[in-house]
Amino acid sequence: MMDKILVVDDEKDTRDFMARALREKYDVETAPDAEAAMRQLEADSTIRLLLSDVRMPGEDGITLMRAAKASNPNLAVVLLTAFGSIDQAVAAMKDGADDFITKPVDLDQLELRIEKALKAHRLEAEVEDLRAQLDEKYGLGNIIGNSPAMRRVFRMVKQVARSDATVLIEGPSGTGKELVARAIHNLSPRAKGPYVAVEVAAISQTLLETELFGHEKGAFTGAVARRAGRFEAANHGTIFLDEISEMPLDIQVKLLRVLQEREFQRLGSNETIHTDVRIVAATNRDLAAYVRAGKFREDLFYRLNVIDLRMPALKDRDGDIPLLVGRFLKEFGGKSVSPEAMKLLERYPWPGNVRELRNTVEKMCVLSPTGQIDVDDVPDEVKRGDGKPLSSTGTLEEMEKAKILAVLDEVGGNRTLAAERLGISRRTIYRKLEEYGI
Ligand SMILES: Nc1ncnc2c1ncn2[C@@H]1O[C@H](COP(=O)(O)OP(=O)(O)OP(=O)(O)O)[C@@H](O)[C@H]1O
Ligand SMILES: [Mg+2]
C-alpha cells in the first residue's frame with residue numbers, strides 16, 4: 001500500500017509540480033492553505049506525512065504543523081522554507097518537524113527527505129506495536145502475567161480504567177492488588193490527576209477520620225491548624241483505600257456518603273465539600289463474611305462492589321511463575337535459574353503468592369554462591385513443595401499466632417512495641433489478640 005501524503009502550498013504551480021512528481025511513489029492529496037489542510041487531516045487519519053510550505057496567507061506552516069501534531073503525534077512533517085531563512089528552519093525543527101527543504105525544490109532531494117521522514121515514523125509505529133504486543137504477552141506495564149486468569153484481569157483493568165466506576169479489588173495477600181489499583185489510575189482519564197493511597201489498617205482509629213476528611217483548626221485538642229484530608233488531596237484523581245475491611249463502622253458511614261453524594265465535611269466544620277474522586281478499594285479478607293458478621297456495612301459493600309475484580313492466587317496462574325522469576329532475577333542482579341530449580345519453584349503452591357515468590361528469588365540471588373541458582377539454593381519448604389514452613393507443621397494462622405505471642409513476650413507485653421516489631425498496625429495486633437481470645 002502506498003503511503004498517503006498531504007501537500008500544502010498556496011501557489012498552485014508549486015503544489016501541482018510537487019504532487020505530480022510524488023504521485024509515482026505515494027498517494028498524494030493537496031490543499032491550498034492551512035485551514036483546508038487541517039480539515040483534510042482531521043477527516044483522514046491515514047495521512048502519514050504533511051509536506052507544507054511555511055509562508056502562506058492565513059495560518060502559516062508552523063502553526064499548521066503544531067495543530068496537526070497535536071491531533072496526530074505520529075504524523076511525519078516536512079516543511080518548505082524560502083532559501084536563506086535558516087532561522088525559520090531551525091525553529092521548525094525545534095517544533096517537531098522531521099525535516100525541511102529549501103525552495104526552489106530539488107525533486108531528488110524532495111523524494112529522499114520524504115522517504116527518510118516516513119521511514120523514521122514507520123519505525124516508531126513498529127516499536128509502539130511491538131510494545132503493545134509485549135504488554136499482551138507478558139502483562140500490563142509492570143504487572144507480569146500471561147495465564148488465562150491474569151489475561152482476564154488485564155482485560156478487566158483496561159476496561160474499568162476508562163470509566164469512573166468504583167472498583168473493589170479482592171484477592172489473597174501478595175497477589176498484586178496494589179499494582180492493579182495503580183494501573184487502573186494510570187490507564188484512566190484521571191492519570192494526570194493525583195493518586196492517593198490510604199492504608200486503612202495502618203492508621204489508628206481515632207486519626208483515620210481526619211486523615212481521610214481533614215479537620216478545622218480547633219476541631220479537637222491538638223488541631224492547631226486546618227488540615228485538608230486525603231479525599232481533598234485526591235480531587236480529580238483516584239483514592240485507593242487499601243485493607244478496607246479494617247475501616248471502623250462510623251467511618252464507613254461517612255465513606256458511604258462520599259460514594260452516594262460525592263461530598264463530605266471536614267471534622268469540626270459545617271461546610272460541605274464536593275469532591276471529584278474515583279474510589280478504588282482493596283481487601284484480602286472475605287468482605288461478604290465481614291458483612292454477615294456485622295463488621296462491615298452491607299450498603300457500603302454493595303456500593304464498593306460495583307466492579308468486583310478478583311485477583312487469582314499464584315497457584316492458579318498457569319505458566320506465570322517462570323515469567324515472574326525472570327522479572328525478579330533481572331531486578332535482583334541478573335543471575336539465572338537452572339531448569340531443575342525452576343521445576344521446584346513451579347511445583348510449590350506459594351501461599352504468600354507473588355510477594356513470597358519475589359522474596360524467595362531475592363533471597364536465592366543473595367545466597368547463591370554462583371551466577372546460577374540451583375536446587376541447593378532453593379529453600380527447604382519450597383523443595384518439599386507442600387507450602388508449609390519447615391519449622392512447624394501447623395497452619396498459617398497457628399504460625400502467625402505463635403509469632404505474635406513470641407514477640408509480645410519479648411517486649412514484655414507492650415502491644416504497641418510488638419506491633420512495631422511485627423510491622424503491623426496497633427489495630428491489627430489488637431484485633432488478632434481478640435481473635436485468639438487474649
Ligand atoms: N503480577 C505481578 N507482576 C510483578 N510483580 C508482582 C505481581 N503481583 C505482585 N507483584 C509484586 O508482589 C508484591 C506484592 O504485591 P502487592 O503489594 O500488590 O500485593 P497485595 O495484593 O496488595 O497484597 P496484600 O493483600 O498483602 O496487601 C509486590 O512487590 C509486587 O510488586
Ligand atoms: Mg496490598
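Visitor: Where is proline 104 found?

Guide: Proline 104 sits in the loop between β5 (99-102) and α5 (107-138). Keep in mind that we're looking at a predicted model. The peptide bond joining lysine 103 to proline 104 is cis, with omega at about 0 degrees.

Visitor: On to the ligand. How many residues surround ligand 1, and which are the closest?

Guide: Ligand 1 has 18 residues around it, and the closest are Ile144, Ser173, Gly174, Lys177 and Arg355. By class, that shell splits into seven nonpolar, six polar and five charged residues.

Visitor: What does an oxygen atom of ligand 1 find in the side chain of serine 173?

Guide: An N or O atom of the serine 173 side chain, 2.4 Å from a ligand 1 oxygen. Asparagine 284 also has a polar side-chain atom 3.0 Å from an oxygen atom of ligand 1.

Visitor: How much of ligand 1 does the protein bury?

Guide: Ligand 1 exposes 640 Å² when taken alone, and the protein buries 87% of that. The elements giving two or more residues to the shell are β7 (143-144), α7 (177-186), α13 (320-331) and α15 (353-367).

Visitor: Last one: how are two packed helices described?

Guide: The general idea is to give the angle between their axes and the distance between the axes. Here, helix α18 (residues 415-422) packs against helix α19 (residues 426-435) at about 110 degrees, with the axes 8 Å apart. The two are therefore roughly perpendicular to each other.

Visitor: Which residues make the contact?

Guide: From α18, they are Arg415, Thr416, Ala418, Ala419 and Leu422; α19 brings Arg426, Ile429, Tyr430 and Leu433. Sorted by class, the residues of this contact of α18 with α19 are six nonpolar, one polar and two charged.

Notes
Residues numbered from 1 in each chain as written. Chains lettered and ligands numbered in written order. Predicted model: local features only at pLDDT ≥ 70, side-chain atom pairs only at ≥ 80, totals over all residues. Heavy atoms only, no water. Axes fitted to C-alpha atoms, helices over the stretch in contact; angles between N-to-C directions. Helix = DSSP H or I, 4+ residues; strand = E, 2+ residues; numbered from the N terminus. Parallel < 35°, antiparallel > 145°, perpendicular 65-115°, else oblique. Contact = heavy atoms within 4.5 Å. Nonpolar A, V, L, I, M, F, W, Y, C, P; charged D, E, K, R; others polar. Near = heavy atom within 4 Å. Polar contact = N/O pair within 3.5 Å; in protein donor to acceptor, adjacent residues only side chain to side chain. Areas by Shrake-Rupley, 256 points an atom, 1.4 Å probe, with all protein chains shown as cover.
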